[in-house]
Amino acid sequence: MVTKRELKALPEDADLRRADSLAREVFSDVANKWALLIIEALGERTLRFSELRDEVEGVSHKMLTQNLRTLERDGLVDRKVYPTVPPRVEYTLTEPGRALRATVDAMCDWTQQYLHHIEAARNRFDA
């Protein structure tokens, strides 16, 4: 965790507390369920769009396209188009994307570890 003193030393663009910071924008780009699942699905491999859609169950064509574009814009995913008919498009995590994947993996591990605890808490809350 960052202390208040350390936050004051950060450039404005790096301060997640500021609504207009680039850091908050990037955080918002990657902290959604589809982006996290896309990053996890890509892992250390390259996938075509249809393969990625099959891996991320429940994602619509539109949401997959939007999230891939955002991740590509942020430099986390590399998109390679092959000049074939029809065009073949492949997606791969970049080095920063692979680094982020370590955090995503930790979040997945946390979810699996505490799933029963969360389920029990929800049952108590909803009762």
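Mentor: The expected span of a helix is 1.5 Å times one less than its number of residues. Please keep in mind that this model is predicted.

Trainee: How many Å does helix α5 reach from its first C-alpha to its last?

Mentor: Helix α5 covers residues 61–73 and has 13 residues. At 1.5 Å a residue, its expected length is 18 Å. The reach from the first C-alpha to the last is close to that value, at 18 Å.

Trainee: Which elements do the buried residues of α5 pack against?

Mentor: The buried residues in α5 are L64, T65, N67, L68 and L71. Their packing partners include three helices, α2 (22–30), α3 (33–42) and α4 (49–55). The strands they pack against are β2 (77–82) and β3 (88–93).

Trainee: Is D29 buried or exposed?

Mentor: D29 is found in helix α2, and it touches A35, T70 and D74, not counting residues up to four places away in sequence. The C-alpha atoms of D29 and D74 are separated by 8.3 Å, although these residues lie 45 places apart along the chain. A residue counts as buried when its relative accessible area is under 20%. Because D29 has a relative accessible area of 15%, D29 is buried.

Trainee: Where on α2 do its buried residues fall?

Mentor: The buried residues of α2 are A23, D29 and V30. Seen down the helix axis, they fall within an arc of 120°, so they line one face of the helix.

Trainee: Which element supplies the largest share of the largest nonpolar core?

Mentor: That core has 21 residues, and the members touching the most others are I38, L42, L52, L68 and L71. At least two residues of the core come from each of α3, α4, α5 and β3. The largest share is six residues, and it comes from α3.

Trainee: Which residues is L52 in contact with, leaving aside its neighbours within four places in sequence?

Mentor: L52 is one of the core residues that touch the most other members. In general, nonpolar side chains tend to be buried together in soluble globular proteins. The contacts of L52 are I38, A41, L42, L47, L64 and L68.

Terms used: Residues numbered from 1 in each chain as written. Predicted model: local features only at pLDDT ≥ 70, side-chain atom pairs only at ≥ 80, totals over all residues. Heavy atoms only, no water. Helix = DSSP H or I, 4+ residues; strand = E, 2+ residues; numbered from the N terminus. Buried < 20%, exposed > 50% of the residue type's maximum accessible area, 1.4 Å probe, protein only. Contact = heavy atoms within 4.5 Å. Arc of directions from axis to C-beta. Core = buried A, V, L, I, M, F, W, Y, C linked by side-chain atoms within 4.5 Å.
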